[in-house]
Amino acid sequence: MTGPKTKALAPQTFGHLTKNEKAIESDSWDTVLREKHPDMLDGLVQDPRSFTLDDLMDESKFPRVEKTVTMQCSGTRRIEQITKYAGQGDEVPQAPWAEGAIGTAHYVGVSLRKVVKACGGLVDGAKHLELYGADTYFKDDEAMNYLVSVPWSKVKANEVLLAWEMNGEILPRIHGYPLRIVVMGYIGARSVKWLYRIKAIREPSRAPMTDGIQIQEMPVSSAIMSPWTKQVLIHNGKIRCKGWAYSGGGRWPERVELSTDGGFNWYTIPLEKLSRKRKWTWRSWEFDLPCDVEGWIEIVCRSWDNSRNTQPPDVRTAWNWGLHLTSSCHRISVYSVNKDAAGDESAARGTWDEYEKFWSQPDPRDAKD
Ligand SMILES: Nc1nc2c(c(=O)[nH]1)N[C@H]1C(S)=C(S)[C@@H](COP(=O)(O)O)O[C@H]1N2
Ligand SMILES: [Mo]
């Protein structure tokens with residue numbers, strides 16, 4: 001995924017929006033918009049119009065919206081499908097994402113609904129908005145733009161933003177500079193970067209991440225970010241675990257649980273160890289997980305959202321050809337070395353003297369008759 005080739009892009013080191021506005025004003029945003037497509041919002045709207053970033057930033061026309069939003073790729077944790085069932089998925093070489101294909105940021109922009117309204121609203125029959133990214137790829141020997149659609153109902157609910165600022169800075173190029181879509185609670189693929197055109201249409205766009213059914217709201221899921229699988233952990237009877245839990249569609253994790261025995265017994269992470277609940281974001285968590293045993297153990301993470309949805313137990317349960325939505329309980333294998341148990345454990349392992357003594361006491365080692 002690379003950005004559009006535009007000239008004179010501003011450096012990414014600006015700290016303040018006033019500076020950023022100037023930087024954006026003077027560069028290629030208008031060029032991209034005007035040369036490629038005269039109308040930024042066209043199709044089935046009453047009054048097709050073009051907007052500059054200045055227009056969108058004008059608070060007398062469009063109220064500014066700020067939102068903290070989690071964006072999750074539908075391929076998050078796909079690596080678990082790949083490593084367990086090699087060759088059984090068609091996107092394997094493209095995006096072998098692990099637990100990190102998710103992130104939370106604070107965006108500034110305007111609601112797309114208001115921009116549609118500024119075009120006189122939709123005409124009869126329009127039900128979806130098609131979003132064009134300026135980047136291209138080849139499909140059947142043809143150069144295509146990145147193109148997906150979102151339903152009007154989602155836009156109408158003010159849950160789709162046009163954003164130009166991320167975490168207090170100008171939107172970085174890699175994240176869609178100068179303007180991107182942010183769809184709250186949906187699969188990341190709908191949040192189109194390097195946006196240059198929006199078109200109102202009747203039917204949903206035939207676009208990536210359909211898989212027969214269009215993936216929109218993300219299911220409840222979670223992951224352990226620390227420790228890592230296969231790590232050897234030397235601890236004092238408690239393993240410090242950290243991770244995230246998220247649910248799409250405006251739902252949020254209510255409970256996060258951890259297990260050290262593959263998912264038979266669960267510890268509920270106390271609420272004060274979860275970050276605050278918000279409608280459109282993940283909750284990060286941290287917990288000292290009690291663990292007495294030594295050797296290879298399986299730590300499992302499971303979360304429940306406010307609709308009491310939970311995660312399927314195993315990777316295979318949600319298998320599909322695109323290897324999307326790996327939302328099963330996250331399982332990692334770690335080697336536990338419990339320093340606190342060291343006294344007892346070494347006794348159990350024993351010295352040769354203890355060994356002789358043990359077998360001489362209740363019974364000899366072998367049966368005599
Ligand atoms: N124009 C364009 N927008 C795009 C994409 C892309 O390839 N091109 N990838 C999408 C996908 S699949 C995801 S998961 C998110 C990732 O957003 P990020 O790069 O800001 O994390 O962007 C989405 N928007
Ligand atoms: Mo994605």
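**Contacts of one residue**

Leaving aside neighbours within four places in sequence, which residues is Ile-198 in contact with, and where is Ile-198 found?

Start with the contacts: Ile-198 touches Met-40, Leu-41, Asp-42, Leu-112, Leu-129, Glu-130, Leu-131 and Leu-162, where contact means heavy atoms within 4.5 Å. Before going on, note that you're looking at a predicted model, where local features need pLDDT of at least 70, side-chain atom pairs count only at pLDDT 80 or more, and totals for chains, interfaces and linings use all residues. Residues are numbered from 1 along each chain as its sequence is written, chains are lettered from A and ligands numbered from 1 in the order in which they are written, and side-chain values use heavy atoms, with hydrogens and water left out.

Next, the location: Ile-198 sits in strand E9 (residues 195-201). Strands (E, at least two residues) and helices (H or I, at least four) are DSSP runs, numbered from the N terminus. Then the cover: Ile-198 counts as buried because its relative accessibility is 0%. Buried means under 20% relative accessible area, exposed over 50%, and partly exposed in between (1.4 Å probe, protein chains only).

Finally, sequence against space: Ile-198 and Ser-50 are 148 residues apart in sequence, and their C-alpha atoms are 10.0 Å apart.

**The whole protein**

How many helices and strands does the protein have?

Count them off and you get eight helices and 17 strands. While you're at it, take in some totals: of the 369 residues, 46% count as buried. Among contacts between residues at least 6 apart in sequence, 71% join residues at least 24 apart.

**The ligand site**

How many residues surround ligand 1, and which are the closest?

First, the shell: 14 residues surround ligand 1 (a residue is near if one of its heavy atoms lies within 4 Å), and the closest are Asp-135, His-175, Arg-180, Ser-191 and Lys-193.

Second, sort the shell by class: seven nonpolar, four polar and three charged residues. Here Ala, Val, Leu, Ile, Met, Phe, Trp, Tyr, Cys and Pro count as nonpolar, Asp, Glu, Lys and Arg as charged, and the others, Gly among them, as polar.

Third, look at pairs of N or O atoms. A nitrogen of ligand 1 is 2.7 Å from a side-chain N or O atom of Asp-135. An oxygen of ligand 1 is 2.7 Å from a side-chain N or O atom of Arg-180, and an oxygen of the ligand is 2.5 Å from a side-chain N or O atom of Lys-193. On its own, ligand 1 has 530 Å² of accessible area, and the protein covers 84% of that; such areas come from the Shrake-Rupley method with a 1.4 Å probe.

**A five-stranded sheet**

In what order do the five strands of the open sheet run?

The order is E11-E17-E16-E13-E14, with mixed pairing; two strands pair if DSSP finds at least two bridges between them. Now find the edges: strand E11 (232-235) and strand E14 (267-268) each pair on one side only. E11 runs parallel to strand E17 (residues 330-338) over four bridges, and Ile-234 stands opposite Val-337 in E17.

Move to strand E16 (residues 295-305), which holds Arg-302. Arg-302 counts as buried because its relative accessibility is 18%. Its contacts beyond four places in sequence include Trp-266 and Cys-329.

**Antiparallel partners**

Which strand do five bridges join to strand E12 (residues 238-246)?

That's strand E10 (residues 221-226), running antiparallel to E12. Pick one bridge: Ser-221 has Tyr-246 in E12 as its partner. Then follow E12 to strand E15 (residues 283-290): eight bridges join this antiparallel pair, and Gly-243 stands opposite Trp-285 in E15.

Is Arg-77 buried or exposed, and what about Asp-141?

Arg-77 has a positive phi near 70 degrees, and Asp-141 has one near 65 degrees. Arg-77, in the loop between strand E2 (65-72) and helix H4 (78-84), counts as buried at 1% relative accessibility. Asp-141, in the loop between strand E4 (128-139) and strand E5 (142-151), is exposed at 77%.

Lastly, the peptide bonds: the one joining Tyr-177 and Pro-178 is cis, with omega about 5 degrees, and the one from Ser-226 to Pro-227 is cis with omega near 0 degrees. Pro-227 lies in the loop between E10 and E11.

Note on methods: A polar contact is a pair of N or O atoms within 3.5 Å; within protein, one must be able to donate a hydrogen and the other to accept it, and residues adjacent in sequence count only if both atoms are side-chain atoms.
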